[in-house]
Amino acid sequence: MADEVHEPVEGEGFAVANVDALADGPGFRKVRRALGVTAFGVNAIEIPPGYETGRHFHDEQEELYFVHRGRVEMTFGDDTTYVLGPGGVARVDAATVRKVKNVGDEPAVYLVAGGKDGYVGRDGRLPEGETSRFGPSAQ
């Protein structure tokens, strides 16, 4: 088995890293830059307990939020609020005002991916000669 990755590593057509190795303490973890992502925006953000981001919206990009660690409360433009824990996800239209607050007792880390112009469809294909998308252990 390979060693667990921490610092960014680039290969031919891929890059891997651990979000916790991209920065220390609160603030942005520049995932897009570290991994060379060009098709959409993506960052991880760590916020301390009790911290609340400012309200914001976007001109064009829809965003997907994924809570990696901690508990956050998301408040939307209509003043509805939802608490998301580890594994929680939220999709937010570009024009929808939103803010995030850490409502837990530990730092919260969430990943935000943003893009525009829609889903490209299911375009995954098997390499030549392969007959299953599942690995040998799943067969």
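Mentor: What follows goes from the overall layout to the sheets and then to the side chains. This is a predicted model, in which local features need pLDDT of at least 70 and side-chain atom pairs count only at pLDDT 80 or more, while totals for chains, interfaces and linings use all residues. Residues are numbered from 1 along each chain as its sequence is written, and side-chain values use heavy atoms, with hydrogens and water left out.

Trainee: How many helices and strands does the protein have?

Mentor: Helices (H or I, at least four residues) and strands (E, at least two) are DSSP runs, numbered from the N terminus. Here there are 1 helix and 10 strands. Their order along the sequence is β-β-β-α-β-β-β-β-β-β-β. The C-alpha trace spans about 55 × 35 × 30 Å along its principal axes.

Trainee: What share of the residues is buried?

Mentor: A residue is buried under 20% relative accessible area, exposed over 50% and partly exposed in between, with a 1.4 Å probe and protein chains only. Of the 139 residues in the protein, 25% are buried. As for contacts, meaning heavy atoms within 4.5 Å, residues 24 or more positions apart account for 59% of those with a separation of 6 or more.

Trainee: In what order do the strands of the sheets lie?

Mentor: Two strands pair if DSSP finds at least two bridges between them.
Another open sheet is formed by 3 strands, ordered β7-β6-β9 and paired antiparallel. At its edges stand β7 (81–84) and β9 (98–102), each with a single partner strand, so one side of each has no neighbour in the sheet.

Trainee: Which residues face each other across these strands?

Mentor: Strand β6 (residues 72–76) is joined to β7 by 4 bridges, and to β9 by 5 bridges, both in the antiparallel sense. Thr75 has Thr81 as its bridge partner in β7 and Lys99 as its bridge partner in β9.

Trainee: Where do the side chains of a strand point?

Mentor: In a regular strand they alternate between the two faces of the sheet. In β9, Arg98, Val100 and Asn102 make up a covered face, and Lys99 and Lys101 an uncovered one.

Trainee: How many salt bridges are there?

Mentor: A salt bridge is a side-chain nitrogen of Lys or Arg within 4 Å of a carboxyl oxygen of Asp or Glu. The structure holds 8. One of them joins Arg98 and Glu63, at 2.4 Å from N to O. Arg98 lies in strand β9 and Glu63 in strand β5, so this pair ties together parts 35 residues apart in sequence. Both Arg98 and Glu63 are buried. Salt bridges with shared partners also join Asp20, Arg29, Glu46 and Arg69 into one network.

Trainee: How is a pair of aromatic rings described?

Mentor: By the distance of the centres and the angle of the planes. Rings of Phe, Tyr and Trp (its six-membered ring) pair if their centres lie within 6.5 Å; planes under 30 degrees apart count as stacked, over 60 as edge-to-face and the rest as tilted. The count by this rule is 2 aromatic pairs. The ring centres of Phe76 and Tyr82 are 6.2 Å apart and their planes stand at 55 degrees, so this pair is tilted. Phe76 is buried, with a relative accessible area of 14%.
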